[in-house]
Amino acid sequence: MAAASLSIIIVTYNSADALTGLLDSIAGELEGFGTANVLVIDNASRDETLEVAAAHPVGPRIIETGRNAGYAAAINIGYGAISPDDHVLVLNPDMRLAPGAIKQLFVTAAEIGAGIVAPRLLHPDGEVAHSIRREPSIARAISDALLGWRIAGRLGWSEIVTDESRYARAGEVEWATGAALLITPEARRAIGMWDERFFLYSEETDYMRRARSAGFAVVFEPRASVMHVGGESGTNPTLHALQVRNRIRYYAKHNPLSRAVAFRLIVAANEGLRLSRSEAYRAGLDAALATRAGD
């Protein structure tokens with residue numbers, strides 16, 4: 001570990017409010033490495049992200065993409081700026097590293113021989129986030145559409161792994177959300193670059209599938225904890241639409257056309273059900289408020 005080299009790649013976009021907390025949590029985690037570099041790859045932020053990064057004592061190297069290039073493209077730019085022998089820790093700017101998290105990710109990668117190691121993600125209230133995933137499939141898409149992911153998850157039929165006991169032990173997974181990932185240099189060389197057709201969402205699904213195809217294990221490690229203080233895809237309609245579109249694009253990339261069409265129709269139907277439920281909820285809420293106002 002003393003001879004290991006580490007590059008931390010942080011992709012930012014209007015991240016001024018979140019970035020200081022992440023850099024603060026990184027500051028005490030860099031001892032013990034041969035070299036340790038922190039890179040902020042900025043996707044044309046319009047706030048004070050660059051000023052925040054430049055002023056921080058960690059002294060990150062700032063690379064401006066000049067455009068909103070997306071998550072995968074920004075990571076690829078970071079890859080091009082570092083040694084091929086570096087381990088890479090990819091982080092969203094709204095992460096907060098618990099003490100010892102990076103070292104534990106390294107230890108796990110070395111002990112298990114993993115190509116990618118994902119830490120345990122925590123919500124701001126300390127609850128464990130359901131960050132482990134199964135490969136998207138038609139059967140899982142149907143289960144999530146008909147039952148909802150919470151019920152389907154309890155039955156083990158959902159893409160989202162909700163079994164709490166699974167988050168208490170280390171082991172191989174199909175993929176995990178890409179907000180925080182350690183990637184070994186051997187895996188990086190074998191996998192290649194991230195697929196930039198996935199502007200945001202599903203790029204990590206694709207990258208970890210390619211890792212497994214190249215013979216590298218993807219491992220979840222609960223002894224390394226990272227708090228995720230942000231995340232708005234479930235509440236931001238634009239981000240949710242992009243997430244849905246890229247799930248369909250990912251499935252089409254890795255499956256025959258007939259199955260891809262079926263998957264698209266099921267996901268579209270699920271979104272229709274989701275919208276109708278939301279509209280019904282809003283109608284019920286409006287009716288309740290109207291009744292209360294007339295009391």
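Okay, a helix here is a DSSP run of at least four residues, numbered from the N terminus. Keep in mind that this is a predicted model. With that, let's go to Asn-76, which sits in helix H3, residues 71–80.

Is Asn-76 buried or exposed? Its relative accessibility is 6%, and the cut-off for buried is under 20%, so Asn-76 counts as buried. Leaving out residues up to four places away in sequence, Asn-76 touches Met-193, Trp-194 and Glu-196.

Next up, Phe-198. You'll find Phe-198 in the loop between helix H7 (185–191) and helix H8 (203–213). Phe-198 is buried too, with a relative accessible area of 1%. Now look across to Ala-72: along the chain, Phe-198 and Ala-72 are 126 residues apart, yet their C-alpha atoms are separated by 6.9 Å. What else does Phe-198 touch? Again leaving out residues up to four places away in sequence, the list is Ala-72, Glu-203, Asp-206, Asn-246, Arg-249, Tyr-250 and Lys-253.

Some of those names come back in my last stop, H8 and H9. Helix H9 covers residues 237–254, and the axes of H8 and H9 come within 10 Å and cross at roughly 25°. Angles under 35 degrees count as roughly parallel, so that's what we call H8 and H9: roughly parallel to each other. Who makes the contact? From H8 we have Thr-205, Asp-206, Arg-209 and Arg-210, and from H9 we have Tyr-250, Lys-253 and His-254. By type, the residues of that H8 and H9 contact split into 4 charged, 2 polar and 1 nonpolar.

Definitions and conventions:
Residues numbered from 1 in each chain as written. Predicted model: local features only at pLDDT ≥ 70, side-chain atom pairs only at ≥ 80, totals over all residues. Heavy atoms only, no water. Helix = DSSP H or I, 4+ residues; strand = E, 2+ residues; numbered from the N terminus. Buried < 20%, exposed > 50% of the residue type's maximum accessible area, 1.4 Å probe, protein only. Contact = heavy atoms within 4.5 Å. Axes fitted to C-alpha atoms, helices over the stretch in contact; angles between N-to-C directions. Parallel < 35°, antiparallel > 145°, perpendicular 65-115°, else oblique. Nonpolar A, V, L, I, M, F, W, Y, C, P; charged D, E, K, R; others polar.
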